[in-house]
Each structure stands twice: as C-alpha cells, then as structure tokens.
Amino acid sequence: MPDSTLYFSKIGELLSAVGRDANNQMYPIAWAVVAVENKHTWKWFLDLLLDDIDMGEGRGLTLISDQHKGLIEAVKERVPEAEHRQCARHIYANFKKKYSGAEFRKLFWSAAKATTRQRFEVVMREIRYWGVTPSGLQEYEVPVHLLKKD
C-alpha cells in the first residue's frame, strides 16, 4: 500500500509501502523521505521498490493508495499490470465533506465492504433513497469506478 504522510512535514514527505501477511498483520516494506510528494518522487520510489520485490510491470501486484495525482500517474507508467485501487478511507473523507451523518457513514461503509456487485448496488440504491448521492451525477457514476480496472 503506497502512501504518503505529513509526519515529516518539517523535513519532507514520507513515502511508504506496507504489506499484509497471512495473519492480516501489516508490516513495512519500504520507506523514503523526499522533499516533495509528486510524480517524479513516486516514480523513483516505485522503481526502487519494484526492483527490490522483483515485480516487473506489476503482474499479481495490488496497490491501495490515497488519491494523490502524482502517485496515480506513476503507477500507470511504472506498473501498468498492477491492480490499483483507491483507499476507501480517503474516498470517505472527501464524501463526508458534503454528505455527513451517521446514516450516510453506515451506508458508505456497507457499500465499501460489499463483496458482490449486487450487494453494492442494493446499498447504493439505499443511499439514493436517503438523498445523499451528489446531484447531477448519473446512477452509480461515482462509486462504480472503484469496481473497474484502470
């Protein structure tokens, strides 16, 4: 899971990659402190990471990340065969700016955790029922992009 954080904001940005083992425990794979988080630094980080873990163009690799534009572009260039998904927590952070409340939070996480497309669509219909779908968007336009491969 490549990610960046502001913990090192006085000296730079922390780029990191973590994995999950068979017991669902997270462990660090790689990290670097860079002056700025952008496409160039993410490409550099991914090049070193992919070389170390011998992943080539990413076949069999799944990445979950925040929605940083530089990382998204770097992943498309460096690991075109990898599955790249956006972190639901980051998506929710953006959604709750406009659509807050306990009912929306419950429905959002229910949709995010759906294991079938059918269950996902049922929850999305319920979200529409409560009137929290952003106006002007086509049915399922926002969340369905999470289900398709780049």
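Modeller: Strand β2 (residues 13-20) and strand β3 (residues 26-34) pair in the antiparallel sense, over 8 bridges. Keep in mind that this is a predicted model, where local features need pLDDT of at least 70 and side-chain atom pairs count only at pLDDT 80 or more, while totals for chains, interfaces and linings use all residues. Residues are numbered from 1 along each chain as its sequence is written, and side-chain values use heavy atoms, with hydrogens and water left out.

Colleague: What makes β2 and β3 count as a pair?

Modeller: Two strands pair if DSSP finds at least two bridges between them. β2 and β3 have 8 bridges, and in one spot valine 18 stands opposite proline 28 in β3. Strands here are DSSP runs of E with at least two residues, helices are runs of H or I with at least four, and both are numbered from the N terminus.

Colleague: What lies between β2 and β3 in the hairpin?

Modeller: There are 5 residues between them. Asparagine 24 sits in that loop, and its phi is near 65°, a positive value in a residue other than glycine.

Colleague: Which other strands pair up, and in what sense?

Modeller: β4 and strand β5 (residues 83-86) do, in the parallel sense over 4 bridges. Isoleucine 64 has arginine 85 in β5 as its bridge partner.

Colleague: Which residues are on the covered face of β4?

Modeller: Leu63 and Ser65 are, whereas Thr62 and Ile64 make up the uncovered face of this strand (residues 62-65). In a regular strand the side chains alternate between the two faces of the sheet.

Colleague: Which residues of α1 and α2 meet?

Modeller: Contact means heavy atoms within 4.5 Å. Among those that meet are Trp42, Leu46 and Leu50 in α1, and Leu71, Ala74 and Val75 in α2. By class, this contact of α1 with α2 has 6 nonpolar, 1 polar and 6 charged residues.

Colleague: What makes α3 roughly antiparallel to α4?

Modeller: The axes of helix α3 (residues 88-95) and helix α4 (residues 102-112) cross at roughly 150° and come within 11 Å. The angle therefore makes α3 roughly antiparallel to α4. Ile91, Tyr92 and Phe95 of α3 are among the residues in the contact, as are Phe104, Phe108 and Trp109 of α4.

Colleague: Why does glutamate 73 count as partly exposed?

Modeller: Glutamate 73, in helix α2, has 29% relative accessibility, so it counts as partly exposed. Buried means under 20% relative accessible area, exposed over 50%, and partly exposed in between (1.4 Å probe, protein chains only). Glutamate 73 and lysine 39 are 34 residues apart in sequence but 6.6 Å apart in space, C-alpha to C-alpha.

Colleague: And aspartate 54, is it buried or exposed?

Modeller: Its relative accessible area is 68%, so aspartate 54 is exposed. Aspartate 54 is in the loop between α1 and β4, and has a positive phi of about 55° although it is not a glycine.

Notes. Nonpolar A, V, L, I, M, F, W, Y, C, P; charged D, E, K, R; others polar. Axes fitted to C-alpha atoms, helices over the stretch in contact; angles between N-to-C directions. Parallel < 35°, antiparallel > 145°, perpendicular 65-115°, else oblique.
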